[in-house]
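Morning, everyone. Let me walk you through one model. Have a look at it first.

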Amino acid sequence: DVALPSSNYRAIDPVFGGIGKAPVTKNAVTLSSSQYFRLALSGAICTVLVRTALNPLELVKTKLQLGSDKEIIDFAMKKASSKQTDPQSISTTIPTIGTSEVIQSLIEVRGPLSLFQSADITFITSVVFGLFGFGATELFRRSFSAVFFDESSAGANEFLFLAAAGLATLLTCAAGAPFEILRVRSMSTTENQGVKQVFSEFMEENRPKQMATPPSVTTSIKPLWSSFIPIVSRELPFAVTKFLVFDLAAGSIAELVNSSKLLDDPLQVGVGSLGLLLSAFAGALAGVAGAFVSHPADLILTLTSASSREGGQAKDWKTIVEELLDADGGFLNLYAGFSARAVFFFLVIGLQFFLYDYIKSELGVGTDDLTLVLDVFYAIRQGLL
């Protein structure tokens, strides 16, 4: 037996010398339209499953931010007050309510199914954001890699993620803005309303008054994109932070585990049971980071989308920011409802990346399926060289 030069080799070939433990691999840059469609479909499926299952948390976050559902908020306040044992604090302190109190109140007042208010528009919104969010990111990342970088470009991977995620987010926001504004309005109502009713009421409230001629189609649908800038201001930092933190966290953990030699086979993100668990954990961290960075914009978007119900005309986002900063609490008012949103995205993004990698593998576009392997010895044995 010949001694191996280092632990990085698995054998010594008499002609070629040391043979590495694993062949050289490279991510496929050019994919077929079928592969891109399956990647986008994977994103849509995982987004629909996760956001539908966690719809109660999103609903509670919206109701806490808006405070428009007086029946539920007041009921939750009374429950919180009843738990205070100090008689003096009951009369002088306004009770603080959170996610659990609002969920309990919804169940007691309106039944368990009320937690899935707006599930129909949430489904449609999830399909749009899942298709474009994941599919476009994959498309732009691989396209940028093929056009602007060669294989030896150092540090290009993180830059590609940011650039691809940013451009994909703009495209996603353009496609999803109408559905997002309707989803927020639907969740702001006291009772559940179907997507058709929410759409009709929105169009009626934003229809130009006292026009000599009927409004054009462009004028009629333009209000659906009125929240495009707030949506971009929320989704752009969220998406960029999400993909960046996920990439850094997953890569760092995988590198740490592989360098410690704890596993016989290298740990790969999204490959195998441990790889899927790594995707879930890194995704959960990415979700919390993204929620923190984008929460003020999310609050402003929520208030902007629902404000037209109060006075018939939606408030400008600048006015809303000024009101929040001038109120008691100041800057902290921009993080109203953050705890519910942090929990929501800890679960959502963790499950989303877990399911995304799993569904990709099932559809034949997983990490292994899209990895090119350079194994000279395998090629020689198969007579390919």
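Where is Val343 found? Val343 sits in helix H14. Helices here are DSSP runs of H or I with at least four residues, numbered from the N terminus.

Ground rules next. This is a predicted model, where local features need pLDDT of at least 70, side-chain atom pairs count only at pLDDT 80 or more, and totals for chains, interfaces and linings use all residues. Residues are numbered from 1 along each chain as its sequence is written, and side-chain values use heavy atoms, leaving out hydrogens and water.

Now confidence. pLDDT is the predictor's confidence in each residue, from 0 to 100. The chain mean is 78, and 75% of residues reach 70 or more. Helix H4 (residues 87-92) is lowest, at a mean of 50. Helix H1 (residues 33-53) is highest, at 89.

Back to Val343. Its relative accessible area is 43%, so Val343 is partly exposed. The cut-offs: buried is under 20%, exposed is over 50%, partly exposed is in between, with a 1.4 Å probe and protein chains only.

Gly330 lies in the loop between helix H13 (317-326) and helix H14 (338-362). Is Gly330 buried or exposed? Gly330 is buried, at 16%. Leaving aside residues up to four places away in sequence, Gly330 touches Leu324 and Leu325. Contact means heavy atoms within 4.5 Å.

Last, helix H8, residues 195-205. Val198, Phe202 and Met203 are buried there. Seen down the H8 axis, the buried residues fall within an arc of 125°, so they line one face of the helix. That arc is taken from the directions from the helix axis to the C-beta atoms.

Conventions: Helix = DSSP H or I, 4+ residues; strand = E, 2+ residues; numbered from the N terminus.
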